Amino acid sequence: MQAFIVMQGRTYQQEKTAGLIWTHKRGTGQVVPPTWARINEIQPQDILFHYVAGQIVAVSQAQSSVHTIKRPAFLMGQAVGAQVNAVRLQYYTLPTPLTISDHLPQIQPLLPQKHAAFQADGSGNQGYIYPCYSALLAQLIDLIEADYFVVKQNEQLSLAMSAVTTTDTDPLVRLLVNADLINRRQMNQTQQIFTLAVKQRQVPQCAICGLEQSTLLEATRLKPLKDSAPTERTTADNGLLLCPSHAALLRQGLIGFSRGGHLLIAPQLGLLDRERLGLRPRLRVSFSPAAAPFLNWHRRFVFQA
């Protein structure tokens, strides 16, 4: 299962009524914008979030992959061809639209560096279809659920299982719950495959401090999951086996590695903390040549130089 965010604006009501999303059908050799070409990635059962004027107003599930259809009636007044590319959807309107700017602290850290649907202020980027990767999908589902079937108990919001039970015939509830379960299972499977690949490649110890306690070692990505293509999410070339402290430093960009594998330390880490964390400036880690793109990504987008 995949997930996408569709930026619709004025076309939302018409597309919802027709039960589809669509793109122009371009001729051979014509350039197709990436956010329009992404319609070809959608498969049956995929989840889509529909964004209009700063809010996610609906969730849908794909009923088909992309196919060619006759131009819908609501497009008759527009300068498009006789046929368009379309994906059939089952739309579910949210009772309470999710305003993105209200939840930026939760959403912004999960946005990819490239191909993000939202800008820093929560407004939408220009384009049509954007990917919604696993962690962002889980967060959006949580936020929608919080508005839809969470009750206030002891002055805190908590999931009321009784509410789920009494509304289990609601198709939107079923869609959200099933999508969440599938997504979390996929996330766990991806991490398990990645961890096994890194452990098979690397000596079973922290690459920085040498800690050998296997239960404390973490397979940690150089290029974060939210930015990685499917093949990059599980390759050992994108990872290091580290203890919890050094894994956290790598994820937060407080350490990195040069092209030659030499340890880089962010300036904001003081000398005492460097000593306490066992960070040796001359330390060198041996990376495979295939790790170069991941090291470059980490230095460019993660490391706090």
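Helices (H or I, at least four residues) and strands (E, at least two) are taken as DSSP runs and numbered from the N terminus. The structure is a predicted model, in which local features need pLDDT of at least 70 and side-chain atom pairs count only at pLDDT 80 or more, while totals for chains, interfaces and linings use all residues. Residues are numbered from 1 along each chain as its sequence is written, and side-chain values use heavy atoms, with hydrogens and water left out.

By these criteria the protein chain has 9 helices and 13 strands. Its C-alpha atoms fill a box of roughly 65 × 60 × 35 Å along the principal axes. Of the 305 residues, 44% are buried, where buried means under 20% relative accessible area, exposed over 50% and partly exposed in between, with a 1.4 Å probe and protein chains only. Contact is defined as heavy atoms within 4.5 Å. Among contacts between residues at least 6 apart in sequence, 68% join residues at least 24 apart.

The domain assignment gives domain 1 (3-133) and domain 2 (202-302); such bounds come from an automatic or database domain assignment. The centres of domain 1 and domain 2, taken over C-alpha atoms, are separated by 36 Å. In the contact, 7 residues come from domain 1 and 5 residues from domain 2.

Strand E3 (residues 47-52) includes Ile47. Ile47 has a relative accessible area of 3% and is therefore buried.

Grid points are joined across faces, edges and corners, and a volume is the space filled by probe spheres set on the points.

The largest pocket holds about 530 Å³ of space. Its lining consists of 27 residues, and Pro131, Tyr133, Ser228, Pro230 and Arg233 lie nearest the centre. Strand E1 (3-7), helix H4 (134-148) and helix H6 (171-201) are the elements that give two or more residues to this lining. H6 provides the largest share, 4 residues. Domain 1 and domain 2 each contribute at least three residues to the pocket lining. By class, the lining has 13 nonpolar, 8 polar and 6 charged residues; Ala, Val, Leu, Ile, Met, Phe, Trp, Tyr, Cys and Pro count as nonpolar, Asp, Glu, Lys and Arg as charged, and the others, Gly among them, as polar.

The whole structure contains 1 cavity of 30 Å³ or more. The largest cavity, with a volume of about 30 Å³, is lined by Leu94, Pro95, Thr96, Ile144, Asp147 and Tyr148. The cavity lining divides into 4 nonpolar, 1 polar and 1 charged.

The buried residues of H4 include Leu136, Leu137, Leu140, Ile141 and Ile144.

Key. 1 Å grid on protein atoms, 1.4 Å probe; cavity = no way out; pocket = protein on both sides within 12 Å on 5 of 7 lines; lining within 4 Å.
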